[in-house]
Amino acid sequence: MTIPAECPFHSRSLPGDGTPLTPSPQLAAWREAGAFMPLDFQDGHEGLVATRYEAAVAVLQDPRFSMRPSRMPVGPPAHGEEGKAESAAVPLEAPGELDASGQASDELNLLNLDGEEHAKLRRAVTARFSVRQARAREPWIRAMVAEQIEALRERGPVVDLWRDYAMPISARTHCHVIGIPEHHYERFVALFVEESTAQQKYDFIRALLAERADSPGEDVITDLLQNPELDRVEVEALLRLLMGAGRDSVAYLIATASVAILTNPEQLAILRADPEQLRPAVEEFMRAGAMFVTLFARTALEDVEIEGTRIPAGTSVSVSPVAANRDPGHWGERPEDFDVTRDAFGHLGFGYGIHGCIGQQVARVEIREAIAALLESFPGLALVDAEQLTPQPFAHPVAVYEAGTVSVRLEAAA
Ligand code: HEM
């Protein structure tokens, strides 16, 4: 198949008229028209987007597509801008960081690396994010979520699930897994959840490494400090990435799953009747509520043919999890429906393949425990309003949805 030079649906830009749970119909139209569509990325560069499931998976697992930043939508900071405050609303760290000597260290961002360079840094952290490790953290996460439920009760009866529940759960778990002691929680939030400069973040990381050097634990910092393959610059860059990566995404999913079940009473009834159903339902939350409209763009290193489409070397190619997660060619009938009884394993909400999400196992536990505790603690939980029920601007050049306010009443009015 040849790629249409002009998109048959007038626009080659990502449609902004969708919401996380009801994507733009244009994505479905693109998917119907072909596995790959021309796309004008938000930063102005041109490329393709894979909207069908099989094509998306093929791109994500193919080493002939490079993550090298030459094609990235966001470049390193312009000279003199290194000290500028960074937005906290980045789901995964974009390139443009400072390294240990204050220089841009794009080279050490996992999402910018290929091959063995990427594998070496990824290996250094994956053990702490395994299924076994995530299971071992369940009791801690459950107890912490119980504390957040009590905090909600005190704040109620109307609360913002995003700010008052989802964000503290994801930030506290992040600190626990990475190995940031409780007494640094407020500082961590100020630097990594709110805005700060890259320099301030590195100052925090260096002080933390000095503090933790003599107190090993079951956490990422301990692993990195004890890894003989890594130098100090690599350790700092990995921590910089991990402290920002995925934290807002977990909170987003908790908020979005809450909106999905509170706006679908029959699905809520299924989960209330059988809490065991929550485990597989997390996959449906991820499928139907995927926040990435496009993933980080890759570049074809050579001519590649996928699903009958020839992609010339040098082409910038992204993947749309939101579109692929609703591909009827893969999911069968009614992929647009939110159905907690569906077998949704294999969704692309965490990406896939070589750069697939490192934190996905612990994220699953957080989302499940957060939703389970909400349903169990508040039998009359009702949605008042949610920002994400109306279209919002994408939060980042890698087009992602943001959660926004999720206002709920903890007990239904008598
Ligand atoms: C529901 C929560 C999460 C979602 C939806 C999510 C989503 C994703 C996606 C889609 C990717 C692939 C990006 C691409 O291929 O372009 C990714 C990669 C990544 N995620 Fe997550 N993430 C979540 C939670 C986490 C957590 C909790 C952490 C760590 C503490 C984390 C760390 C990472 C890292 C380091 C990568 C880069 C992996 C690599 O390049 O090898 N994520 N995530």
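Where in the chain is Cys357 found? In this predicted model, Cys357 sits in the loop between helix 15 (328-331) and helix 16 (360-377).

## Iron site

The iron atom of the ligand has Cys357 as its only protein donor. The donor atom is SG, at 2.3 Å.

## Aromatic pairs

Five aromatic pairs are counted. One of them joins Phe192 and Phe204, whose ring centres are 6.1 Å apart. Their planes meet at 55°, between the 30 and 60 degree limits, so the pair is classed as tilted. Phe192 belongs to helix 7 (residues 185-193) and Phe204 to helix 8 (residues 198-212), so the pair ties together parts that are 12 residues apart in sequence. Phe192 has 4% relative accessibility and counts as buried. Phe204, at 8% relative accessibility, counts as buried as well.

Phe285 and Phe338 also form an aromatic pair, and this one is stacked, with 6.2 Å centre to centre and 25° between the planes. The pair links distant parts of the chain, 53 residues apart: Phe285 is in helix 13 (residues 278-288), and Phe338 is in the loop between helix 15 and helix 16. Both Phe285 and Phe338 are buried.

## Aromatic cluster

Phe192 and Phe204 also belong, with Phe188, to one aromatic cluster.

## Charges over rings

Lys201 lies over the face of Phe192, at 5.8 Å from the ring centre. A second case involves Arg287, which is placed over the face of Trp331 at 5.6 Å from the ring centre.

Technical notes
Residues numbered from 1 in each chain as written. Predicted model: local features only at pLDDT ≥ 70, side-chain atom pairs only at ≥ 80, totals over all residues. Heavy atoms only, no water. Donors = N, O, S within 2.8 Å, 3.2 Å for Na, K, Ca; no water. Helix = DSSP H or I, 4+ residues; strand = E, 2+ residues; numbered from the N terminus. Phe/Tyr/Trp six-rings, centres within 6.5 Å; stacked < 30°, edge-to-face > 60°. Buried < 20%, exposed > 50% of the residue type's maximum accessible area, 1.4 Å probe, protein only. Lys NZ or Arg CZ within 6 Å of the ring centre and 35° of its normal.
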